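Dear colleague,

Here is the structure you are taking over. My notes on it follow below.

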Amino acid sequence: MKFKDSLLIVFISAFLLTILFYEQGIGLNLVLFEILFLVWLVVTKQINLKTKIQIVTTAGFIGSSIFTLVTYSVYGYVVHFLSAFIFVGVLNYSKVKSLTNVLRTSITTLILSQDIFYQKLFASKIGGRDIGGFLWRSRIFVAPVLIIFVYSFSNPVFSDLVGNVGLGIEELFIFIFEDLNIWLLLTFLLCLIISVFLLVRTSSNVIAFKDQNASELLTRRQKRFKRTFKLNALKNEYKAGLFLFLMLNTVLLIVNIIDVHTVWFNFEWEGQTLKQFVHEGTYLLIVSILISISLVLYFFRGNLNFFKQNKLLKYLSYIWLIQNAILTISVAIRNFWYIEHFAMAFKRIGVIIFLCLVLYGLYTVFRKIEQKKSVFYLFKSNAFAIYVVLIITSFINWDSFIARYNFTHANHSYLHLEYLIELSDKALPHLQPLEEELVAIEKFQKKKFTANPSDMSYIEYQLKIKNRKEVFKRKWETKNILSWNLAEYSAYQSLFK
């Protein structure tokens with residue numbers, strides 16, 4: 001495509017984005033623009049679906065875009081913008097192997113594309129004259145005006161002499177800019193930056209070279225000199241690894257035995273909040289995982305993988321990974337008890353997602369040791385897993401799920417009214433149980449959770465929900481069609497139709 005054509009497309013895109021988003025919330029407008037963007041990519045044959053990364057990132061971009069309307073959540077939009085960022089990176093470099101390199105490519109594109117675009121823009125010609133040259137030659141008119149202003153402020157006599165001239169220039173500026181909408185201009189400039197990123201793309205040869213030459217398998221490094229010294233160093237490193245893994249396994253075994261006994265089979269809730277109960281296990285797990293990764297990356301980084309007598313070190317490493325998996329399950333059970341007695345919340349859901357990723361991460365570390373995989377394999381596999389999990393979890397309306405779950409389980413779990421009242425508008429249909437249900441819930445809550453009384457009365461809760469419904473009704477009925485979303489539309493239909 002010629003630059004003049006791409007220049008026109010970029011400005012059309014920026015104008016279209018400005019029309020869709022100026023003084024509008026994000027909603028249907030985002031999906032409409034991205035449909036047009038995808039159509040343009042298909043028509044210009046820029047989408048390839050030959051590799052797993054290309055297929056998954058394209059599906060992730062399209063799926064997360066559609067579900068921004070369905071879930072309409074901050075989390076959903078954050079995940080979608082991340083998926084769009086990754087999608088553009090894959091468009092720039094379709095042969096990429098790892099999503100970590102995709103991110104690096106996208107960051108490079110975000111910076112370099114702006115520079116490339118404006119260089120070519122200023123080099124382009126209108127009426128036989130290049131724009132950059134015209135702007136550069138205009139400096140001879142701008143400089144004297146600036147000098148006059150400087151002197152007029154610094155010298156009172158000179159100020160009196162040029163007062164009428166300065167007043168005339170001031171009136172000219174007012175005439176030109178009095179009707180200029182600064183927010184509209186800023187919106188357009190932001191849309192122009194986004195359009196340049198999407199349409200004027202470039203890839204880094206350095207990143208591409210490193211990505212293509214990266215291997216998932218380790219190779220043995222041969223040394224022709226100081227062989228005896230190197231062999232002794234390898235044996236010493238092996239012995240150090242044995243000692244460390246033996247000590248760490250012993251410590252973690254004691255921790256796991258205690259957890260299995262107290263958390264798995266003999267846990268009794270005695271009215272405590274359980275917040276610290278979960279946090280302690282999570283912090284210990286994070287520390288243990290960091291130690292695991294550090295040790296594996298250090299001891300299995302090179303020739304120790306090919307050391308014929310390394311079986312004991314491998315077995316101790318496997319035991320260490322298994323024990324970390326047991327520790328992960330212990331944290332999951334802690335989180336289960338937390339949910340069982342104090343219902344559902346975003347952070348508790350986040351812990352579940354985190355633990356699933358930890359188990360997969362431990363599996364990839366096991367494969368690295370067993371099959372002599374490289375660090376590139378670890379980053380590639382785990383980055384891909386994180387991406388897929390983020391996309392899938394963005395498809396769920398978590399606010400409504402939490403509201404439904406917490407009221408459904410209010411006959412045995414703590415109902416945190418202050419927390420529920422802060423859920424988004426789309427959860428409102430699930431935040432107003434029947435009067436008799438609320439009375440029964442209040443009676444049970446006061447009886448069981450005497451140590452955790454609610455700061456909000458149930459009457460106050462009902463009043464706040466009523467006020468929120470009225471505010472939501474007014475807000476929705478004044479919302480522009482461009483800001484439309486299915487989640488709030490369904491909530492409005494459920495509440496007022």
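Over the ring of which residue does the charged end of Lys-52 sit? The ring is that of Phe-384, with the charged end of Lys-52 4.7 Å from its centre. Likewise, the charged end of Lys-473 sits over the ring of Phe-496, 5.8 Å from the centre. A charge sits over a ring if NZ of Lys or CZ of Arg is within 6 Å of the ring centre and within 35 degrees of the ring normal.

This is a predicted model, in which local features need pLDDT of at least 70 and side-chain atom pairs count only at pLDDT 80 or more, while totals for chains, interfaces and linings use all residues. Residues are numbered from 1 along each chain as its sequence is written, and side-chain values use heavy atoms, with hydrogens and water left out.

There are 30 aromatic pairs in the structure. Trp-398 and Phe-401 form one that is edge-to-face, at 5.8 Å centre to centre and 85° between the planes. (Rings of Phe, Tyr and Trp, the last by its six-membered ring, pair if their centres lie within 6.5 Å; planes under 30 degrees apart count as stacked, over 60 as edge-to-face and the rest as tilted.) Trp-398 is buried, at 15% relative accessible area, whereas Phe-401 is partly exposed at 28%. Buried means under 20%, exposed over 50% and partly exposed in between (1.4 Å probe, protein chains only).

The pair of Tyr-414 and Phe-449 is also edge-to-face, because the centres are 5.1 Å apart and the planes at 65°. Tyr-414 is buried at 11%, and Phe-449 is buried at 3%. Both belong to a cluster linked by ring pairs, together with Trp-269, Tyr-338, Phe-342 and Phe-444.

Regards
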